[in-house]
Amino acid sequence: MDFNDTPEEAAFRAEARKFLEANLAPKSGARAQAESSESDFMKRCKAYQKKKAEAGFAGITWQKEHGGRAMAPIFNVIFGQEEAKFEGLSGPFAIGLGMCIPTMIAFASEDQKKRYVGPALKGDEIWCQLFSEPSAGSDVAGLKTRAVKDGDDWVINGQKVWTSGAHYSDYGILLVRTNPDVEKHKGLTMFFLDMKSPGVEVRPIHQMSGGSNFNEVYFTDVRIPDAQRLGEVGQGWQVALVTLMNERLAVGGSPGPDYSEAMELARRTPAPSGKGTLLQDQAFRAQLADWFVSAEGYKLGRFRTITALSKGQTPGPESSIGKILNANRLQDITNAAIEAEDHFGIISDDAIAPMDAVFQQSYMWAPGLRIAGGTDEILKNIIAERVLGLPQDVRVDKGVAYKDLPTGR
Amino acid sequence: MNFDFSDDQKSLKDQARKVLTDKSSTKAVRAVLGRKTGTTSYDTALWKAVAELGWLGIAIPEEYGGVGLGRLELCVLAEELGRAVAPIPFASTVYFATEALLLAGSDAQKQKWLPKIASGEAIGCFALSEGPGAPKPEAMTTTFDGAALTGAKIPVTDGDIAHFAIVLAKEGGGASLAIAELGGVTRSEVKTLDPTRGHAKIEFAKTKAERLGKAGEGWELAEQVLDRAAVLLAFEQVGGAQACLDMAVDYAKNRYAFSRQIGSFQAIKHKLADMYVATEVARSNAYYGAWALSTEAPELPLAAAAARVAACDAYHLAAKENIQTHGGMGFTWEVDCHLFYRRAKLLAVQAGSPGVWKEKLVRRLELKNAA
Ligand SMILES: Cc1cc2nc3c(=O)[nH]c(=O)nc-3n(C[C@H](O)[C@H](O)[C@H](O)COP(=O)(O)OP(=O)(O)OC[C@H]3O[C@@H](n4cnc5c(N)ncnc54)[C@H](O)[C@@H]3O)c2cc1C
C-alpha cells in the first residue's frame, strides 16, 4: 500500500494542475453561478471542454484511436481530484462521455465512432440517455415505447421521461421495445438518434427545487435508420447493461457540501446548547465523525476499485455503495446544517444565508440524487442479490410475455 | 383513564378537514408558493373563512371577543391546518402572538389586540431570531428602552404581512418582550425554502413599542411562549406527517414496478411502517403536550419539548421518504410531495431547532429527576 504518487503520476498531476489553473476559475459560490444565464454557462462549458480535449484531459483512459490517452484509471482519478478544486464546467458532458459514448464505442460501427466520438469529446455535441418512461423507471426493462421496422428504417412512437439535458442535447441513446410478444428483457433494442429528428418533442419538467434540468421526450412517428441500431435486434437489454455499468462508474464524487463545509459552518455558528460554537458541541461532533467516515469510506473504497481496475479486474456491483452513501449523507448534512442555523436556516437567499445558501440549495436537490441513476432501494437490492448472493425476490414477470404483464392499469 | 379527544372535538376536526379540503386545496397553496416575492404572501380568502368560522379566536376568552373554547380544540384545528399546508399566518398569529398576549399581556393590551385577532383584522408575528444559530441573550442586539425598539430581526415568519410583532429585545441588563405595531416600520421580504409562508427582515428604528409582561422577564416569557407554540406546532407537524404517510401509502398501492405494486416490496413496506411508527410516537407525545397545555400542568415544559422533538423527527422522515416512495414523480414541482418537504423544514426551525429542544428536554428531565 502506498498513497504517494509515482513519479509518473506526480508529473501528470503537475501537468493537470497547470492546465486547470490556466483554464478554470477557482471554485465559486452558488451565487456567482446563478448570476450567469444558462446559455452563457453552456458556452463556457463548451469552451472549457474543447480545451480539455485538446490538452488530452478528456477521455484520459480511452483508447488513442478514440481521441484518448489510453492511460490507467488512476490518472483519471488524479485529474478528477485536481479538477474538483476549481469551478465545475463539466456537468453537461457527464452523461454523454460517461455513459452514451462508451456504449457507442462498444456497439457502433467504425465509421460511426469516427463521426461521433470526437465531437462529443470536444464538447461540440452533447448526448442524453433516453431510457426511463412514465411506467418504467426502476423497472426500465418494462418500457413501452415502440419501434416498428419499416423498410430500412424503424418508426418510433412513445414517451420517455426524466431525460436529463434533453433540451440541450444533440444526440441520444434510446432504448425501445421491438417485440412485445416475448419476455420483457428479450424484446428490447437500442438505437442512437439525432434529437432534431422530425417527430421528437422535448418538454421540460419543472423539478421540485425550481429548476428544469430534465425533460419529457415524446416520439411521434420518428424514423431512425436501421444503421443507427446498437447491438442486435432484441439485444437491447445487454447493451443497456453496458451503459448502466458505466453509469455506476460515472456517478461519483461528492455531490455537494460535505463534512468539511459542515465543519466550516460549525466553526462560526453558536451551539444549540447556548454554550460555545457548534463545533464544540458534542452531538454535532459525533455527527461530523460519522460523515467523515462515510465520505472517507466512499473515497477509499473507490481507490480499492481503481487498484482492482489497474490489475485488470472489472468493477462489480459493489460500486453501488457510493451513491447510497453520498446521496443520503448529502441529505443528512444539509438538513443538520439548516437546523443548526436555527430559524435563520429557512432563508435560502444566497446573499443572506451562510455560505451562499449552499446547504439550502443542496437540501432541495438531495431527494433527486437518491432517485436518479437507481433508487436507494434498487441499489440495496443489487447489493443484497448480486454482492451477497441472497435469493432473488419473487419475480412475477419471469416467463411472461411483455404484453401479458400486469401493470395495474 | 381517558387519553383521547372528545366527540365534539373530533367532529370539529372533521369539519375542519372538510373546510380545508374545500378551501385550501393544494391549488390554493401553490398560488401562494408560486407568487412573486413582495406580493401578498397568504391566502386572503382562506384567512377570512377561518376568521368567520371562529378558529382564530377559538382559545381566546369570550370577554376578549373569542369563542372561549380551549387549547384542545385549537390542537385539533392545528392538526388539520398542518395536513393542508395551509398558506395563512395562523401559527404566527395564534400559537405565538395570541399565546404571548394571553400569557403576559395587560388587560388593556388584551382588549386592544385579542378581539382584532379573533376577527381576522390583526395578523401577529413573533420576532426572535437575529442571525444564524440558536438565539443567545448575550448575542442579541435589538434593544428596547421602555418605549421604543431599535435593531433588526431576521427572519420573522409572517413578518411581511403582520400588523404587529411581539419582539424579544435587550432592556437594561436583561431582556423584555415588547409589542410593536408594524405600520411604517421598514420590512423586506426574504426568500426561504418555504415560500408558502412569507418571511421578513424587520428593521426597528426607534419604533414605538409597549412592554409585554415585566421588564427583564423577556427571556423566561419567550421560553414559555415557545413551550406553548411547540405543542400547537407539533399538531401541525403530526398533521403534515400523516398527510405524507397517506400519500405514500396510496401511491404504493397504485404504482407498479416489476409488475407488482411497489407496496408489495418489503423495502417500501418497512419504509412506510417506519413513517407510521414515527408519526404515532409524535402523535402520542403531542396528545400529552395538549393535555399539559390545556390544564396548565407543571409537566408542560417537558411535555412540550417531547412533543416538539418527536414531531420534528416524524415530519422530516415522512416528508423525505414520501418523495422517495414516489420515485422521479416525487422530485417534480407538480406533485405535492415538496410542499410538505418545505413546510416540514420551516416548522422544524420556526420555534427553535430540534437540537435546541433536545437540549431543553434533557435539562428538564434532569430537573424533574432532581425534584
Ligand atoms: C434528477 C433525476 C435525473 C434523471 N435523469 C435520467 C436520465 O437522464 N435518463 C433516464 O433515462 N432516466 C433518468 N432519471 C430517471 C431515474 O432513473 C428514475 O426516476 C429511477 O430509476 C426511478 O424510477 P421511477 O421514477 O419510475 O420510480 P419507481 O420505479 O416507480 O419507484 C418508486 C418507488 O418504488 C421503489 N421500488 C421500485 N422497485 C422496487 C423494488 N423492486 N424493490 C424495492 N423498491 C422498489 C423505488 O425505490 C421508489 O422508492 C432521472 C431521475 C432523476 C430524479
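Strand 3 of chain B, residues 148-157, holds Pro155(B). Ile154(B) and Pro155(B) are joined by a cis peptide bond, with omega at about -10 degrees.

Some housekeeping. This is a predicted model, where local features need pLDDT of at least 70 and side-chain atom pairs count only at pLDDT 80 or more, while totals for chains, interfaces and linings use all residues. Residues are numbered from 1 along each chain as its sequence is written, chains are lettered from A and ligands numbered from 1 in the order written, and side-chain values use heavy atoms, leaving out hydrogens and water.

Now, the ligand. What surrounds it? There are 30 residues around the ligand, each with a heavy atom within 4 Å, and the closest are Ser138(A), Trp162(A), Thr375(A), Arg255(B) and Gln324(B). Chains A and B both contribute, so the site is shared between chains.

On to polar contacts, meaning N or O pairs within 3.5 Å; within protein, one atom must be able to donate a hydrogen and the other to accept it, and sequence neighbours count only if both atoms are side-chain atoms. Ser138(A) puts a polar side-chain atom 2.6 Å from a ligand oxygen. From chain B, Gln324(B) has a backbone N or O atom 2.7 Å from an oxygen atom of the ligand, and a backbone N or O atom of Gly328(B) also lies 2.7 Å from a ligand oxygen. On its own the ligand has 980 Å² of accessible area (Shrake-Rupley, 1.4 Å probe), and the protein covers 94% of that.

By class, the shell has 14 nonpolar, 14 polar and two charged residues. For that count, Ala, Val, Leu, Ile, Met, Phe, Trp, Tyr, Cys and Pro are nonpolar, Asp, Glu, Lys and Arg are charged, and the others, Gly among them, are polar.

Last stop, chain A. Between helix 10 and helix 11 of chain A there's a loop, and Asp342(A) sits in it. Asp342(A) isn't a glycine, yet its phi is positive, near 60 degrees.

Definitions and conventions
Helices (H or I, at least four residues) and strands (E, at least two) are DSSP runs, numbered from the N terminus.
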